[in-house]
Amino acid sequence: MGGVEHEDPPSKRVKVSSEESESFSNSSSLREPARCSLSDSMARPLESRGDDEVVGVKGVVKKVELVRIIAEALYSLGYEKTGAHLEEESGIPLHSAVVNLFMQQIIDGKWDESVATIHKIGLMDENIVKLASFVILEQKFFELLDGEKVMDALKTLRTEIAPLGVHTNRLHELSSLIVSPSQTAIDGTSDQRLRIRSRKKLLEELKTLLPSTVMIPEKRLVRLVEQALDLQRDACRFHNSLVEEMSLLTDHQCGRDHIPSQTLQILEEHSNEVWFLQFSHNGEYLASSSSDCLVIIWEVKVDGRISLKHRLSGHQKPVSYISWSPDDHQLLTCGVEEAVRRWDTASGECLHIYEKSGLGLINCAWAPDGRRIFCGVTDKSICMWDLEGKEVECWKGQKSIRISDLGISSDGKQLITVCKETMISLFGWESNSEKFIEEDHTIISFALSKDNRFLLVSLSNQELHLWSIDGSVILVAKYRGHKRSRLVVRSCFGGLEQAFIASGSEDSQVYIWHRVSGELILTLPGHSGAVNCVSWNPANPHMLASASDDRTIRIWGINQVNMTQNGRHSNGVCYCNGAT
Amino acid sequence: MDIDPRICVNVAVNDEDVHNIVLSYLVHNCFTGTMESFIACTGVKQPADHLVDMEKRKRIFHSALDGNALKAIELMEEFTPGLLEKNKDLHFDLLSLHFVRLVCSRRCNEALGFARTKLTPFGKEQRYVEKLEDFMALLAYEEPEKSPMFHLVSLEYRQHVADSLMRAILEHANLPSYSIVERLIQQATVVRQCLSQEFGKDGHQPFSLKDFLKS
């Protein structure tokens with residue numbers, strides 16, 4: 001290769017010594033921007049070097065850009081020689097000679113020269129030139145102050161920085177700084193951003209100010225790769241476990257084995273159809289209720305096994321709804337058009353019975369402070385009681401019809417009920433304001449996400465509609481596939497970060513969809529009767545419970561064998577009883 | 001409903017009152033020369049020791065107006081010792097005048113030194129911090145009159161400081177801080193406005209002194 005004037009590979013990159021942040025007086029070693037055989041191309045502007053050449057199947061990746069960010073990545077990693085080699089071999093310089101000069105001048109602290117060089121780079125936007133000049137001269141100002149050259153700093157401020165006419169507030173701050181450099185005298189606090197910073201940091205800031213075609217942003221390639229990983233993760237339909245590390249070597253894709261799909265336990269304590277079940281907020285308990293008028297509290301043991309803890313009897317009617325208190329210490333249960341009972345989780349004792357004479361209660365919910373409860377009444381009103389049973393307030397009118405679902409919004413200020421057949425009301429019970437969700441078909445039931453910002457509505461046309469209720473009300477997604485024509489069938493959110501939607505179905509299966517894509521990913525057979533209700537353990541994304549007309553509750557989990565084979569953390573004892 | 005001017009004619013106006021009003025105005029504004037002529041012409045009794053005070057007040061006022069704050073401060077030490085210590089806002093305003101003078105005459109070194117020694121101590125109190133920052137900002141400009149802080153170097157600002165200074169001195173000497181004629185005008189304006197509000201909501205303009213004087 002002719003024309004090379006140095007024996008070492010030419011280094012066009014600015015060298016930054018590692019102790020540079022401490023002292024500014026010794027400038028780092030600078031090698032002259034090297035000439036190479038392609039010196040002609042160095043002089044030519046970047047545009048005219050076949051910039052349109054593309055690589056990759058899709059034809060969207062420009063070769064010049066790719067090589068430049070690879071070179072930047074090499075330098076960021078510390079591979080100076082390789083970086084320089086790449087620039088030479090490809091004939092594509094990372095930065096133009098002017099920019100290289102500029103960067104070296106910054107590192108060397110040649111402020112006036114660097115400001116002059118900025119004007120030569122050929123930036124289109126005058127404002128950027130001014131902003132960059134400001135930042136450079138600000139550094140000059142600080143270094144002068146630091147070196148006790150107060151009058152020089154003042155001169156720089158007056159004659160070089162002020163005329164730029166940008167960042168007026170900052171200019172005034174610098175003025176104050178000259179007068180009291182310690183800064184603590186003026187406002188009593190020492191402000192981080194007013195202290196001096198390293199030249200390297202200055203260079204980094206300049207990289208963000210100048211267009212990226214002029215100066216490649218720091219670690220651009222790594223950023224692109226991180227973006228790709230994020231997208232892979234979001235697209236992973238079965239993503240249900242915390243993944244320790246993602247590999248760059250293959251696209252990330254979880255297999256189905258992370259989603260509960262194996263029956264791990266069948267609970268047969270109820271003597272009639274099981275209508276409702278729900279895990280407590282901390283995932284340590286499961287409560288189920290049945291048309292046999294019984295409510296059962298189950299305990300979720302550490303090894304994942306579920307065992308019976310309390311049988312709560314007292315209701316005279318089938319129990320259709322359960323609500324855990326915010327701290328999980330208590331439970332509200334509602335008999336159909338009967339009374340609401342409050343129980344203590346630990347002892348199983350019934351603490352209070354809420355009734356309205358002559359009327360029946362149809363649903364129940366806790367206020368976020370756990371000190372008051374709401375109940376829907378058969379006369380379509382909603383009542384609020386304190387724990388002792390004193391009625392605090394009552395909202396009359398078309399507030400709540402026979403559907404036994406009642407929820408509270410994330411800010412704790414809105415009551416969510418089905419007020420008409422095709423309408424859900426979000427009722428601000430303190431502000432008396434109301435928002436509505438209108439559907440085209442009869443509403444069967446609804447469920448709230450854990451953060452109470454989303455509502456999943458089950459409709460008579462066998463669709464599930466997902467609504468965002470934070471702020472304005474927007475329909476976000478629809479899910480179909482399950483069967484529902486006669487009964488009340490419930491659905492829920494679940495999995496890691498509530499990435500999945502699950503629902504019961506009249507065809508005896510559990511249905512699971514990927515929330516974001518709406519895709520039906522699993523159907524779980526096993527029950528021999530309609531599945532009325534599902535609940536996903538909020539604390540364990542690998543545990544799902546289903547309640548069925550076949551009088552059983554099934555606990556679903558992940559396939560233990562496959563898990564241990566993949567060398568991952570096993571969920572516990574494999575006690576699969578053979579059901580698939 | 002406007003007051004019928006003919007009613008006013010029946011109110012007697014005492015010459016002596018008028019003389020006192022004019023005299024108080026002249027004394028208040030330190031117009032010594034005019035005051036002496038007036039006294040000579042009308043034979044009104046000369047106010048006791050006001051002459052000496054007036055002269056001093058006049059000098060202090062004009063020093064401040066010219067921006068010669070150090071002179072003003074010196075005179076005040078003589079005339080009203082202890083006033084500036086009590087009235088920190090005033091002290092700050094005067095010092096800032098001097099600072100502005102230094103900056104405007106491009107004596108940056110001095111300005112910087114003066115700011116550091118005399119002005120920054122005020123910065124310990126929160127209420128002076130913002131004012132201080134505004135003044136310090138002047139240092140950044142080669143032409144302070146054209147900077148965003150131009151109002152601080154203007155005549156209006158000096159006037160404002162001089163006026164506050166006068167009021168403080170008068171208060172200190174237990175003299176009224178507004179002359180009688182000013183108070184009369186203020187009162188008349190308020191009364192007229194109240195009347196026009198009460199009796200005529202439609203079509204009546206608010207009381208205008210200018211128009212009244214012309215009529």
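Reply:
**Loops, salt bridges and cysteines**

Gln462(A) counts as partly exposed because its relative accessible area is 27% (buried is under 20%, exposed over 50%, partly exposed in between, with a 1.4 Å probe and protein chains only). The model is predicted, so local features need pLDDT of at least 70 and side-chain atom pairs pLDDT 80 or more, while totals for chains, interfaces and linings use all residues. Residues are numbered from 1 along each chain as written, chains are lettered from A and ligands numbered from 1 in written order, and side-chain values use heavy atoms, without hydrogens or water.

To continue with Gln462(A), this residue has a positive phi near 65 degrees, although it is not a glycine, and its place is in the loop between β21 and β22 (463–468) of chain A (helices, H or I of at least four residues, and strands, E of at least two, are DSSP runs numbered from the N terminus). Asn452(A), another residue that is not a glycine, has a positive phi of about 60 degrees, and it sits in the loop between β20 (443–448) and β21 (454–459) of chain A. Asn452(A) is classed as partly exposed because its relative accessible area is 22%.

Elsewhere in chain A, helix α2 (residues 63–77) holds Ser76(A), which counts as partly exposed because its relative accessibility is 32%. The C-alpha atom of Ser76(A) is 6.6 Å from that of Lys219(A), although the two residues are 143 residues apart along the chain.

Turning to charged pairs, there are 23 salt bridges over all chains (a side-chain nitrogen of Lys or Arg within 4 Å of a carboxyl oxygen of Asp or Glu). In one of them the side chains of Glu53(A) and Lys63(A) meet, with N to O at 3.4 Å. This pair links distant parts of the chain, 10 residues apart, since Glu53(A) lies in the loop between α1 (39–43) and β1 (54–55) of chain A and Lys63(A) lies in helix α2. Glu53(A) is partly exposed, with a relative accessible area of 44%, and Lys63(A) is partly exposed too, at 29%.

In another salt bridge, Arg372(A) pairs with Asp369(A), and their closest N and O atoms are 3.0 Å apart. Arg372(A) counts as partly exposed at 23% relative accessibility, and Asp369(A) is partly exposed with a relative accessible area of 35%.

In chain B, Glu125(B) and Lys88(B) form a salt bridge in which the closest N and O atoms are 2.9 Å apart. Here too the pair links distant parts of the chain, 37 residues apart: Glu125(B) is in the loop between α8 (108–119) and α9 (126–137), whereas Lys88(B) is in helix α7 (residues 88–104). Glu125(B) is partly exposed at 30%, and Lys88(B) is partly exposed at 33%. Both residues belong to a network of salt bridges that also links Asp89(B) and Arg127(B).

The cysteines complete the picture. The count of disulfides over all chains is zero (a pair of cysteine sulfur atoms within 2.5 Å). Cys375(A) is in no disulfide, and the nearest cysteine sulfur, which belongs to Cys364(A), is 5.8 Å away. Cys375(A) counts as buried because its relative accessible area is 0%; Cys108(B) is also buried, at 14% relative accessibility.
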